[in-house]
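Work through these exercises with the structure in view. Try each task before you read its solution.

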Amino acid sequence: MGLVARSESESVPPGVDRDEDALLAAARDGDEDALRSLLAPETDRLYAVCLGMLKNPEAARDAVQDALVRVIRGLETFDGRARFTTWTTRIALNTCLTRLRESERHARLNARFPTRPTEPGPGSRVQETERARRAAHALEALSEEHRTVLVLRDVRGLELDQIAETLGLPTGTLKSRLFRARAALRTELESNDQS
């Protein structure tokens, strides 16, 4: 079949194929062509992952750039226990999660301190603003674990299997975490209604 057996001295870590191993070694030694060859197939795939998480093409492009910089900086630490694509995906997902947390933080600040005064409008607009403020306040009161799953599922609209992969959780664990997060949010909203 054309497969050549490797000796023990030529063994490659389980997460790396032979061509990838050669490219990694060359990239670690400063070969820019090898680095480009290693990362070129990753760019479009990582963009799709980031776009799925962030739902914004410009934000996804920025996240991919940040993720690729982290990949390049971390090449020395990649040990091959996972596939290279899994490792780069995890870096991209973590980059997206950081961006989501930051945008959530900015949204909370903007809700507390609007940059321009809101004009009184129809009753429904006022109610909507109040409802959004209460929801943001209740979401802020949750643990980061609960907040993360709610944002990924209910705000960003990601599928359960996507979130499970992103967070490295079994789907069953994710479902129960999401159930508990929604219950905690409901409790928080009810306690705010009573105060």
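A nonpolar core is a set of buried Ala, Val, Leu, Ile, Met, Phe, Trp, Tyr and Cys residues joined through side-chain atoms within 4.5 Å. Buried means under 20% relative accessible area, exposed over 50%, and partly exposed in between (1.4 Å probe, protein chains only). The model is predicted: local features need pLDDT of at least 70, side-chain atom pairs count only at pLDDT 80 or more, and totals for chains, interfaces and linings use all residues. Residues are numbered from 1 along each chain as its sequence is written, and side-chain values use heavy atoms, without hydrogens and water.

**Exercise 1.** Find which residues of the largest nonpolar core touch the most other members.

*Solution.* The core has 38 residues. Cys50, Met53, Val71, Leu75, Phe84, Trp87 and Leu152 touch the most other members. Helix 4 (84-112) is one of the elements that give two or more residues. Helix 4 gives the most, with eight residues. Helices here are DSSP runs (H or I, at least four residues), numbered from the N terminus.

**Exercise 2.** Decide where the buried residues of helix 3 lie around its axis.

*Solution.* List them: Ala60, Ala63, Val64, Ala67, Leu68, Val71 and Gly74. The arc is taken from the directions from the helix axis to the C-beta atoms. The face turned away carries exposed Glu58 and Arg73.

**Exercise 3.** Is glutamate 165 buried or exposed?

*Solution.* Its relative accessible area is 54%. Glutamate 165 is therefore exposed. This residue sits in helix 7. Leaving aside neighbours within four places in sequence, glutamate 165 is in contact (heavy atoms within 4.5 Å) with Thr89, Arg90 and Leu93.
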